[in-house]
Amino acid sequence: MPPTTSVQLFTVNTALDADLEGTLSKIAEAGFTSVEPYDFVRRADALADAFRVHGLFAPTGHAFLASDSFVRPDGTGTTVEVPTHDEVFAAAKTLGMTIVIDPYTVPARWETREQIEDTARRLNAAAAAAAPHGLRVGYHNHAHELEAQIDGETGLEVLASLLDPEVALEVDLYWAARAGVDVPALLQRLGDRVKAVHVKDGTLAPELLDAYPPADQVPAGEGTVPLAEALDAASALEYAVVEFDAYDGDIFEAVRTSRVFLDERAGR
């Protein structure tokens with residue numbers, strides 16, 4: 001059975017904050033029935049109501065589970081405290097989720113095995129707390145987890161070896177490619193741990209690789225990230241989630257094009 005096609009709502013974060021109803025209407029018009037919310041705890045009821053109106057479901061979502069506070073990946077902005085596990089899982093149930101995925105931990109926490117062990121302990125504890133709610137938890141990577149090398153192994157793979165079996169991974173295919181790894185081979189090594197992927201493409205043009213947010217992202221199938229091969233290598237995939245960190249163009253047309261890429265591959 002092909003994975004469910006979804007879209008990470010951070011892709012349209014500016015539009016969503018300005019006009020939640022109008023933005024979700026456009027997401028539905030782009031052909032999506034599944035979405036992956038972020039920052040959903042504070043607005044779970046509003047999101048749930050809007051999802052019902054527009055025929056959307058949220059099987060996965062992003063919330064911090066292994067960090068006590070958050071600073072944006074580029075290091076700017078105010079440090080904020082994150083919700084408790086109880087708050088996260090209650091909101092996730094309101095939205096009908098099945099997996100809550102931690103979206104980010106800072107690069108400074110990936111320098112030693114002991115630091116990765118601490119992140120694994122936190123995620124395993126979150127999984128134990130999620131289970132009574134009928135929920136699973138997962139972790140989503142950026143580049144630094146794969147750029148980190150611990151005894152010849154990537155940091156993400158060290159983490160995977162330390163996680164309880166019920167903790168999933170959501171591999172961001174673009175960030176894996178930016179880290180310089182063989183993405184399909186990584187998916188094969190991680191095996192059935194990978195339940196979701198972020199289907200995100202880019203040109204990976206060297207002159208653009210220092211930019212944050214990324215300046216090279218394009219609709220799925222139009223860049224150089226080996227998306228098709230990576231998807232084929234993900235043996236236990238449940239969710240294929242379209243995402244853009246940034247895009248200089250019509251974002252709703254870009255996500256529609258990415259959905260078509262996925263649906264055509266799945267024979268839909």
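Okay, housekeeping. Because the model is predicted, local features need pLDDT of at least 70 and side-chain atom pairs count only at pLDDT 80 or more, while totals for chains, interfaces and linings use all residues. Numbering starts from 1 along each chain as its sequence is written, and side-chain values use heavy atoms, with hydrogens and water left out.

Let's start with the sheet. Helices and strands here are DSSP runs (H or I of at least four residues for helices, E of at least two for strands), numbered from the N terminus. Two strands pair if DSSP finds at least two bridges between them. On that basis there's an open sheet of eight strands with parallel pairing, in the order S2-S1-S14-S11-S10-S7-S6-S3. At the edges you have S2 (34–36) and S3 (60–62), each with a single partner strand, so one side of each has no neighbour in the sheet. On average, neighbouring strands are turned by 30° against each other, direction ignored. Angles come from axes, which are lines fitted to C-alpha atoms (for helices, over the stretch in contact), and they run from 0 to 180 degrees between N-to-C directions.

Now zoom in on some of those pairs. S1, residues 4–8, and S14, residues 239–242, run parallel over four bridges, and Thr 4 sits opposite Tyr 239 in S14. S11 and S14 also pair in the parallel sense over four bridges, with Val 197 opposite Ala 240. On to S10, residues 168–172: four bridges join S10 to S11, again parallel, and there Asp 172 faces His 198 in S11.

How covered is S11? Six of its six residues are buried. Buried means under 20% relative accessible area, exposed is over 50%, and partly exposed is in between, with a 1.4 Å probe and protein chains only. Helix H11 (251–265) lies across S1, S11 (194–199) and S14, at about 155° to S14.

That brings us to the core. A nonpolar core is a set of buried Ala, Val, Leu, Ile, Met, Phe, Trp, Tyr and Cys residues joined through side-chain atoms within 4.5 Å. Which members of the largest core touch the most other members? Out of 82 residues, those are Phe 40 and Val 197. There's also a second, separate core of five residues, including Ile 99, Ala 196, Tyr 239 and Val 241. Going back to Val 197, and skipping neighbours within four places in sequence, the contacts include Leu 173, Leu 187, Leu 231 and Leu 237. Contact means heavy atoms within 4.5 Å.

Next, some helices. Leu 227 is in H10, residues 227–233, and is buried at 2% relative accessible area. Not counting residues up to four places away in sequence, Leu 227 touches Leu 173, Val 199 and Phe 261, among others. In H3, residues 44–54, the buried residues are Ala 44, Leu 47, Ala 48, Ala 50 and Phe 51. A reminder on geometry: an α-helix has 3.6 residues a turn, so residues three or four places apart point the same way. What covers those buried residues of H3 includes H2 (20–29), S2 and H4 (85–94).

Asn 124 counts as buried at 15% relative accessibility, and beyond four places in sequence, touches Leu 162, Leu 163, Asp 164 and Val 167.

On a 1 Å grid over the protein atoms alone, a pocket is an open set of points with protein on both sides within 12 Å along at least five of seven lines, where a 1.4 Å probe fits, and lining residues have an atom within 4 Å of a point. Grid points are joined across faces, edges and corners, and volume is the space filled by probe spheres set on the points. The second largest pocket holds about 230 Å³. Of its twelve lining residues, Ala 143, His 144, Trp 175, Arg 178 and Tyr 212 are the closest to its centre. H6 (144–147) and H8 (173–178) each supply at least two lining residues.

The peptide bond from Tyr 212 to Pro 213 is cis, with omega near 0°. Asp 39, not a glycine, has a positive phi of about 45°; Asp 39 sits in the loop between S2 and H3 and is partly exposed at 36%. Asp 151 has a positive phi too, near 55°, but is exposed at 72%.
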